[in-house]
Amino acid sequence: MSKEIQADYLIVGAGAMGMAFTDTLLAESNATIAIVDRYHQPGGHWTVAYPHVRLHQPSAFYGVNSTHLGSDRIDTAGWNEGLYELATNSEVVTYFDRVMQHTFLPSGRVQYFPNCEYCGEGQFHSTISGAAYTAKAGKIVDATYMHVTVPAMRTPPYEVSAEVHCVPPNELPRLSSSYTDYVVVGAGKTGMDACLFLLRNQVDPQRIRWIMPRDSWMLDRANIQPGRLFAESIGRTFQQNTRDLAEAESIEDAFARVEKNGGLLRLDPDITPSMYRCATVTRAELVELRRISKVIRKGRVVAIEADTIRLEEGEVPTSAQTLHVDCTADGLERRPAVPVFDDNAITLQSVRTCQQVFSAAFIAHVEASYADPTLKNELCTPVPHPDSDIDFLRTTLVNSLNGVRWAEDVELQTWLKQARLDGFSNADAPDPDVSDPDVVAAMEEMGAAMQASIENVRRLLI
């Protein structure tokens, strides 16, 4: 017999998006909330991610709106020198646990059910005690729809012979013996992190082979900086990208212009990337990655056998003295966009490219502040995670359209400027002086450039 739980909202998933949604809803409404999650503590994929991972964006705009992550410090050493700090995996997990224990539960309005499997229709059960629960909730929030996966959550998607050494990146810090060489499988951010871990630990780059099915366009982290670096990073990059995309004569010209002005980076200047997944690096990290000369571009791995790695477009040798590092999990899976608000169901998705926690908090604000479901969905148009190079233009277009729509709502603009998670608004900047003709002219010029950019990107994508 199941125990009945009463709440206004049942949130499925205590990962980053579920936590950010809960935090904003708790702060901006009187709602009662029940959270069910399969893990033993909040944080979702962070609880099983490789221990040497760091945030790929500044801690200053990650987490939940109510609680700062980190100390807004600017790093003075390492490959992130001169930029805002990046929280470590352990810092993120500790942070989410602290938010749950110090903010959510003491409110008296949040019930938390860890180690529980959700079965649908408000039903869930404990994976430890077997206790069954039925939640009587006004609305059910799916905070798992984006399906974030890290390598430790599944086996490799290719055959691996028993005698082959193949591990997720979680095992790298625990190595007790050296291998003659290393093969990193996967071209995304996890693969980059694995390569950088090996290089940071003095592995000769000649001992590293990097299997890269697709080259990737990357973002320069120096262009994604809040606080006192905002004007010279996000502000400058946004304005330059807007002008570049407004003036581009073709898709190829658009990428050339954006790359020339630092809006995009690539590993090899002689190879045109066909992938864009919001991977973020510093130029110092890019210099390190370029030290790896043995980049294998023969498609995806089909199987790793005792002495051969079989790929879609050929084979390369391997050996029992080689460590293979599987970095192929789809951490930013491209999911089909669905309405965020659908009767009594809320499906959390990105409403700004690859800004999941901001998006979850934004959706919670809209839920708490607006009644009309049509308007709520209009404000929360999903921006599916990018995958191909062309998705850079597609997501930029939807981002721009969302931004234009949000700019029409004065109350929403006030919330955005005050929201800690909105790293793309400069909270420290004074409101524009609309009595100053020069300020008005500059605003009109930027507005015209934005509209021209939207129209031109639409034309390029036809």
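A search of the whole structure, which is a predicted model, finds 25 salt bridges, a salt bridge being a side-chain nitrogen of Lys or Arg within 4 Å of a carboxyl oxygen of Asp or Glu. Local features in this predicted model need pLDDT of at least 70 and side-chain atom pairs count only at pLDDT 80 or more, while totals for chains, interfaces and linings use all residues. Residues are numbered from 1 along each chain as its sequence is written, and side-chain values use heavy atoms, with hydrogens and water left out.

Three of these pairs are set out below.

| Arg 73 | Glu 85 | 3.4 Å |

The bridge between Arg 73 and Glu 85 joins two residues 12 apart, both of them in the loop between strand 2 (33-36) and helix 2 (89-104); helices (H or I, at least four residues) and strands (E, at least two) are DSSP runs, numbered from the N terminus. Arg 73 is partly exposed at 43% relative accessible area, whereas Glu 85 is buried at 5%, where buried means under 20% relative accessible area, exposed over 50%, and partly exposed in between (1.4 Å probe, protein chains only). In the second pair, Lys 376 is buried with a relative accessibility of 5%, and Glu 367 is buried as well, with 7%.

Arg 394 and Asp 391 both belong to helix 9 (residues 391-407), where they are 3 residues apart, about one turn of the helix. Arg 394 is partly exposed at 40%, while Asp 391 is buried at 3%. Elsewhere, salt bridges that share partners join Arg 214, Arg 277, Asp 330 and Asp 387 into one network.

Turning to the cysteines, the count comes to 1 disulfide, defined as a pair of cysteine sulfur atoms within 2.5 Å. Cys 278 and Cys 354 form this disulfide, with their sulfur atoms 2.2 Å apart, and because the torsion about their S-S bond is about 75°, the disulfide is right-handed. The pair links distant parts of the chain, 76 residues apart, with Cys 278 in strand 12 (residues 275-281) and Cys 354 in the loop between strand 19 (345-347) and helix 7 (356-369). Both Cys 278 and Cys 354 are buried.
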